[in-house]
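Work through the following exercises with the sequence and the model side by side, and settle each task before reading its solution.

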Amino acid sequence: MSPDLALLNGLTEPLQYAFMQRSLAVAIMVGIICSVVGSYLMVQRLALLGDAISHSVLPGLAIAFLLGVNIFIGAFIAGVLSTVIIGWIHTRSPIKEDAAMGLVFSAFFALGITLITTIQKDNKIDLNHFLFGNILGVTAGEVRDTAIIAALVLLVVVLLYKELLFYSFDPLGAKASGLPTGLLHAGLMVLIALTVVASMKVVGVILVLSLLIAPGATAYLLVPRLHQVMLLGAGVGVFSSVSGMYLSYYLNLPSGPAIVMVVSTLFALAFLFSPRHGVLMGPKRWPFRVSR
């Protein structure tokens with residue numbers, strides 16, 4: 001067998017299975033929206049917020065499971081609720097926002113672990129699937145739900161790109177110009193929550209921050225403008241998701257961690273060898289900012 005034919009067979013073999021087709025579809029969609037939404041987190045230096053929301057969805061998952069409703073709905077409500085509580089603590093007390101995030105996400109995470117552990121006594125439920133993902137177990141319904149979330153997130157980003165861009169780089173200027181910055185902030189929080197919910201099956205709540213930040217961070221080192229960061233980051237996210245799935249299939253690795261390892265490796269390469277900002281290649285200019 002020629003090398004080209006062997007490579008083609010290697011690429012197509014996993015696609016013979018329906019579960020791999022579903023898994024790859026979800027991985028591609030999540031790779032795109034995580035990169036796009038994560039770019040805003042990078043610009044606003046709110047990486048911890050993504051971590052807070054990802055950890056805060058656990059009690060929503062558990063309660064939704066107990067009530068027999070879609071766990072996506074429970075996770076989304078818990079994620080949005082956590083951002084509301086963080087903002088409430090920050091605005092009504094001298095507690096800084098990063099401290100409020102740490103307090104809320106640790107409390108929500110502890111509550112979620114407690115609820116899930118209690119549920120496990122009477123139900124067959126694997127905590128690891130929530131924490132580290134179970135993309136190989138996605139159903140056709142979950143593929144549909146992920147597609148709806150991805151379409152909604154991308155539609156909002158396209159429609160509000162200029163407003164979110166202005167708000168991200170200059171919140172005070174955006175407010176002075178009459179933009180509804182409160183609504184923009186709330187909308188961005190909803191987008192983050194939706195993205196986290198869509199990513200749960202892929203990498204779980206523990207690893208989702210890597211998929212939110214690493215593709216955008218990789219692109220951040222390579223291109224100067226936000227729309228370029230989003231596009232390149234989406235490519236990095238898709239490549240990492242698909243490559244991680246193939247590594248998982250052929251090397252019998254856990255899918256979520258495999259995806260995270262690929263995207264982390266790509267970031268490390270950009271960090272070292274970026275023509276403009278690489279530690280080993282670029283000029284010594286640090287810190288730097290993405291331009292509009």
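The model is predicted, so local features need pLDDT of at least 70 and side-chain atom pairs count only at pLDDT 80 or more, whereas totals for chains, interfaces and linings use all residues. Residues are numbered from 1 along each chain as its sequence is written, and side-chain values use heavy atoms, with hydrogens and water left out.

**Exercise 1.** Classify leucine 269 and find the surface patch that contains this residue.

*Solution.* Begin with the location: leucine 269 sits in helix H13, where helices are DSSP runs of H or I with at least four residues, numbered from the N terminus. Because its relative accessibility is 44%, leucine 269 is classed as partly exposed. As for confidence (pLDDT, from 0 to 100 for each residue), helix H13 (residues 255–273) has the highest mean in the protein, at 89, while helix H7 (residues 127–132) has the lowest, at 65.

**Exercise 2.** How many salt bridges does a search of the whole structure find, and is aspartate 145 buried or exposed?

*Solution.* The criterion is a side-chain nitrogen of Lys or Arg within 4 Å of a carboxyl oxygen of Asp or Glu. The search of the whole structure returns one salt bridge. Arginine 144 and aspartate 145 are joined in a salt bridge, with an N to O distance of 3.1 Å. Aspartate 145 counts as buried because its relative accessibility is 15%.

**Exercise 3.** Describe the setting of glycine 50.

*Solution.* Glycine 50 belongs to helix H3, which spans residues 47–56. With 0% relative accessibility, glycine 50 is therefore counted as buried. Finally, look along the chain: valine 208 is 158 residues away from glycine 50, yet their C-alpha atoms are separated by 8.3 Å.

**Exercise 4.** Compare the record with the model over residues 257–275.

*Solution.* An unreviewed UniProt entry places "transmembrane region" features at several spans, including residues 257–275; such annotations may be inferred rather than shown by experiment. In the model, residues 257–275 are 89% helix and 0% strand, with end C-alpha atoms 28 Å apart.

Methods: pLDDT is the predictor's confidence in each residue, from 0 to 100. Helices (H or I, at least four residues) and strands (E, at least two) are DSSP runs, numbered from the N terminus. Patches are made of residues with over 30% relative accessible area and no salt bridge: like charges are joined within 9 Å, nonpolar side chains (Val, Leu, Ile, Met, Phe, Trp, Tyr) within 5 Å. Accessible areas come from the Shrake-Rupley method with a 1.4 Å probe; for residues, only the protein chains shown count as cover. Buried means under 20% relative accessible area, exposed over 50%, partly exposed in between (1.4 Å probe, protein chains only).
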